[in-house]
Amino acid sequence: MAKRKTKKILLFCDPGIDDSLAIIYTLLDPDLELVGLVTSYGNVTEDQATANAYYLLDLAGQKNIPIIPGAAQPVQQEKVTYYPDIHGAEGIGPIQPPADMKYQTYPFDTIGILIEKYQKDLIIVDTGRSTSLAIAFILFDEQIKQVGAFYIMGGAFFVPGNVTPLAEANFYGDPTSSNYICKYANNLTITPLNVTEFALLTMETVEYVTNTATNPFTILLKPIFEYYYKAYQKLVPGIKGAPIHDLLTIMIINNPAIAEYIYYDVSVIDGTVEGKGLSYIDIRPGSQKGKTRIAVKLDYDGFINEFVKVMLA
């Protein structure tokens with residue numbers, strides 16, 4: 001029997017509850033192959049993000065997947081804000097990875113090795129701050145042009161931000177790096193708040209998966225979702241579920257029809273306090289459309305159906 005062809009995923013992340021669910025989904029989807037994790041600051045510190053990534057790989061029995069520590073702060077060297085009220089003190093809600101875990105990490109050069117190995121078969125996904133990916137672009141300038149596609153979670157186009165009235169958290173966290181990626185990444189897809197804020201998991205869906213699935217992550221799903229959902233209920237009273245922003249970014253790789261798209265060149269403001277992190281496109285009459293694919297509308301039923309299918313696979 002021929003070996004099943006999978007899409008090779010190098011994931012830049014800062015787990016974080018929604019990043020953790022994106023990792024879990026990637027590990028469970030038979031059509032995706034996680035070939036590396038690059039961890040950095042964002043929802044938690046870079047050290048905690050690295051420990052959380054290893055904990056998830058350990059649960060899955062996938063300790064052979066390289067974990068590559070990335071940036072610990074943005075290029076502007078500003079004070080970093082973390083979000084324990086949303087993600088928990090250690091990033092996975094009430095779950096505490098064992099304090100005595102011992103694990104190996106890989107040097108940043110491993111990114112270049114993975115690019116050389118997989119070339120156009122490699123898909124780079126970034127669900128966190130853009131700093132580590134921008135560094136990779138600078139260090140591996142010629143190699144990274146071989147990558148087949150890029151998917152990033154970030155930005156908000158003509159909708160409110162979630163960290164300021166104008167800006168989404170990832171682009172706000174390091175707008176210089178985000179702008180760099182938007183300018184130079186080829187075959188780029190962006191999943192902004194326009195779609196991710198509607199990618200709501202509900203308690204009913206989580207309970208169904210928890211009671212039905214037999215994968216090693218079922219013990220985590222309900223407690224981390226409950227923590228995350230309670231945080232969002234305080235932020236958005238009356239919300240019917242919790243938005244799993246990063247999960248959608250992974251999901252559309254194999255399921256692009258879950259979203260509708262527009263194509264424009266994207267810029268991110270990094271020079272002013274009021275506008276910092278604002279993502280924008282030029283929609284003036286007569287302006288040229290660009291190459292970046294921007295998701296703007298979500299097929300919610302498709303999102304939920306795909307999540308349940310993979311979690312029960």
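F158 sits in the loop between β5 (149-153) and α6 (169-173); helices (H or I, at least four residues) and strands (E, at least two) are DSSP runs, numbered from the N terminus. Its phi is near 65 degrees, a positive value in a residue other than glycine. At 63% relative accessibility, F158 counts as exposed, where exposed means over 50% relative accessible area, buried means under 20%, and partly exposed covers what lies in between (1.4 Å probe, protein chains only).

Before going on, a word on the model: it is predicted, so to speak of a local feature takes a pLDDT of at least 70, side-chain atom pairs count only at pLDDT 80 or more, and totals for chains, interfaces and linings use all residues. Residues are numbered from 1 along each chain as its sequence is written, and side-chain values use heavy atoms, with hydrogens and water left out.

Back to the backbone. Q119 has a positive phi too, about 50 degrees, and it is not a glycine either. This residue lies in the loop between α4 (110-118) and β4 (122-126), and Q119 is partly exposed, with a relative accessible area of 36%. Then there's the peptide bond from P15 to G16, which is cis, with omega near 5 degrees. G16 belongs to the loop between β1 and α1.

Strands β1 (residues 7-13) and β2 pair in the parallel sense over seven bridges; to pair, two strands need at least two bridges between them by DSSP. Within this pairing, I9 stands opposite L34 in β2. The chain gets from β1 to β2 through helix α1 (residues 17-28), and this β-α-β crossover is right-handed. By that we mean that, with the strands pointing away from the viewer, the path from the first strand over the helix to the second runs clockwise.

Strand β2 (residues 32-39) is mostly covered, with seven of its eight residues buried. It also runs parallel to strand β3 (residues 67-69), and three bridges join the two. Here T39 stands opposite P69 in β3. Another right-handed β-α-β unit is made by β2, helix α2 (residues 46-59) and β3.

What about the cysteines? The structure holds zero disulfides, a disulfide being a pair of cysteine sulfur atoms within 2.5 Å. C13 is in none, and the nearest cysteine sulfur, that of C182, is 19 Å away. C182 is likewise in no disulfide, with the sulfur of C13 as its nearest cysteine sulfur. C13 is buried at 2% relative accessibility, and C182 is buried as well, with a relative accessible area of 6%.

One more buried residue is worth a look: T205, in helix α9 (residues 203-212), has 12% relative accessibility and counts as buried. Its side chain makes a polar contact with the side chain of T202 (3.1 Å). A polar contact is a pair of N or O atoms within 3.5 Å; within protein, one must be able to donate a hydrogen and the other to accept it, and residues adjacent in sequence count only if both atoms are side-chain atoms. Leaving aside neighbours within four places in sequence, T205 is in contact (heavy atoms within 4.5 Å) with I304, F307 and V308.

Here are the accessibility values side by side.

| Residue | Relative accessible area | Class |
|---|---|---|
| C13 | 2% | buried |
| C182 | 6% | buried |
| T205 | 12% | buried |
| Q119 | 36% | partly exposed |
| F158 | 63% | exposed |
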